[in-house]
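Student: I would like to learn how such a model is read, feature by feature. Could we begin with a single residue and then proceed to sheets and pockets?

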Amino acid sequence: MKIAFNYPIFTYQQYGGISRYYKILAEQLSEMGNDVSIISGIHQNSYLASMSNRNIVKGWHVKKYPPRTTRIFKSLNAAYTSMKLLQIVPDVVHETYYTPSSLMKAKQPRTTTVYDMIHELFPDQFSCKDKTTIYKQETFRRVQHILSISHSTKRDLINCFGIDENNISVVHLGVDAAYLQYAARQESNNILLPQPYLLYVGGRTGYKNFFNFLKAVSLSSRLITDFNIVAFGGGAFTRQELIDIKNLGLSEQQITCVSGSDALLAQYYANAVAFIYPSLYEGFGLPPLEAMACNCPVISSNSSSMPEVIGNAGEFFDPNSLEEMMHAMESVLYDSTRRSALLQLGTERVKQFTWEKCAYETLKIYQNITR
């Protein structure tokens, strides 16, 4: 089957979960024997630059666009995509992100993947000039089918946009097998770890609820005494964050902010006492599964997609209750039996989420909409 992915997300992102998803999906579909093209144009995406099968990518990589030129490259890439689609004549076009209109003249069936409803559910956390919701609506009008990465996101999609549920299929994401490999290598000796520590991964603002996680830790004399905290990703702590941390009675030495490769993240997962996921909302949420793959117990919010993804392999709490969050952490961190049980459950749970399965189910949807 001839499958084409278009340019938008690779124009916008150098790194990021969405472009990484499409890169892995394209590779998996290609390994299954499909003729796959990512029509990127002049892109700045590092995942595409590192692909082993360079024939998949139809375009050129630059490290970074010059300042204030993204709109120019977006227009160039849209025109290039339209031309390339007429040459390739794919069976299906997968639109990688939301755009106000399509310059693609090809008549093939189209689909797109919806990752979350953050812009619709948390509008106060975005600029009033942000047009993502409008662009979503226009994209939904022109595609034949929508993929949702969770049942939770599908429900939100129906509620926010009134999409017919028959036009939405749920295809869960997969966990990179590399996390299992990294964890198995026991590479922790290569880095200095602030043992023992609780691990947090990702952005820290708004709905991510990071500061409430710190508040919950500070409520417990045991937690604040016995554990350090590692925040992986999300950039360096801001001046205000450092002030807030100090006001909670936590020292800068207790909280470490780090960033780096997936290999480094896997080491932090594998050596953490527990992974904490306090988010108010996630469209899917890969970090808990990555933690399970690295044999790290998961303590998570019970909101949105988290129960769907984590199943019975995590300790849950209400993210709006500091006391409940604190008690959930204590119930795992000071109970070796519960911690061991979560590790065993996590090992089994993570087997249900593979990129091979994601690609196979996505291919079935392509086949259905092209009939």
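This is a predicted model: local features need pLDDT of at least 70, side-chain atom pairs count only at pLDDT 80 or more; totals for chains, interfaces and linings use all residues.

Student: Where does E330 lie, and which residues is E330 in contact with, leaving aside its neighbours within four places in sequence?

Tutor: E330 belongs to helix α15, residues 322–333. Once neighbours within four places in sequence are set aside, E330 is in contact with S220, R222, L223 and D335.

Student: Is A341 buried or partly exposed?

Tutor: A341 is partly exposed, because its relative accessible area of 27% falls between the limits of 20% and 50%. A341 sits in helix α16, which covers residues 336–349. Distance in sequence and distance in space may be read side by side here: A341 and Y7 are separated by 334 residues in sequence and by 44 Å in space, C-alpha to C-alpha.

Student: Let us turn to backbone angles. Which value of phi does N209 have?

Tutor: The phi of N209 is positive, about 65°, although N209 is not a glycine. N209 is placed in the loop between β8 and α9 (210–219). With a relative accessible area of 8%, N209 is buried. S304 also calls for attention: its phi is near 45°, a positive value in a residue other than glycine. S304 is located in the loop between β12 and α14 (306–310), and its relative accessibility of 24% makes it partly exposed.

Student: How should I read a sheet, and what is the strand order in the open sheet of 7 strands?

Tutor: The general idea is that strands of a sheet pair through backbone hydrogen bonds, either parallel or antiparallel. In this model, 7 strands make up an open sheet with the order β3-β2-β1-β4-β5-β6-β7, and the pairing is parallel. At the edges are β3 (57–61) and β7 (168–170), each of which pairs on one side only. On average, neighbouring strands of this sheet are turned by 25° against each other, direction ignored.

Student: Over how many bridges do β5 and β6 pair?

Tutor: Strand β5 (residues 110–114) and strand β6 (residues 145–148) pair over 4 bridges, in the parallel sense. T112 stands opposite I146 of β6.

Student: Which helices lie across these strands?

Tutor: Helix α4 lies across β1 (2–5), β2 (35–43), β3 and β4 (92–95), and runs at about 155° to β2. Helix α7, residues 151–161, lies across β5, β6 and β7, and runs at about 160° to β7.

Student: How are the two faces of a strand told apart, and what is the case for β11?

Tutor: In a regular strand the side chains alternate between the two faces of the sheet. Strand β11 (residues 274–277) has both faces covered: A274 and I276 on one side, and F275 and Y277 on the other, are all buried.

Student: Which strands pair with β11?

Tutor: Strand β8 (residues 197–201) pairs with β11 in the parallel sense over 2 bridges, and L199 stands opposite F275. Strand β12 (residues 298–301) runs parallel to β11 and is joined to it by 3 bridges. The bridge partner of Y277 in β12 is S300.

Student: Which residues lie nearest the centre of the second largest pocket?

Tutor: They are Y12, K74, Y97, T132 and Y135, from a lining of 13 residues. The elements giving two or more residues to this lining are α1 (8–12), α4 (70–88) and α6. Helix α4 gives the most, with 3 residues. The second largest pocket has a volume of about 410 Å³, and its lining has 6 nonpolar, 3 polar and 4 charged residues.

Terms used. Residues are numbered from 1 along each chain as its sequence is written. Side-chain values use heavy atoms; hydrogens and water are left out. On a 1 Å grid over the protein atoms alone, a cavity is a set of points where a 1.4 Å probe fits but cannot get out, and a pocket is an open set with protein on both sides within 12 Å along at least five of seven lines; lining residues have an atom within 4 Å of a point. Grid points are joined across faces, edges and corners, and a volume is the space filled by probe spheres set on the points. Ala, Val, Leu, Ile, Met, Phe, Trp, Tyr, Cys and Pro count as nonpolar, Asp, Glu, Lys and Arg as charged, and the others, Gly among them, as polar. Two strands pair if DSSP finds at least two bridges between them. Axes are lines fitted to C-alpha atoms, for helices over the stretch in contact, and angles run from 0 to 180 degrees between N-to-C directions. Contact means heavy atoms within 4.5 Å. Buried means under 20% relative accessible area, exposed over 50%, partly exposed in between (1.4 Å probe, protein chains only).
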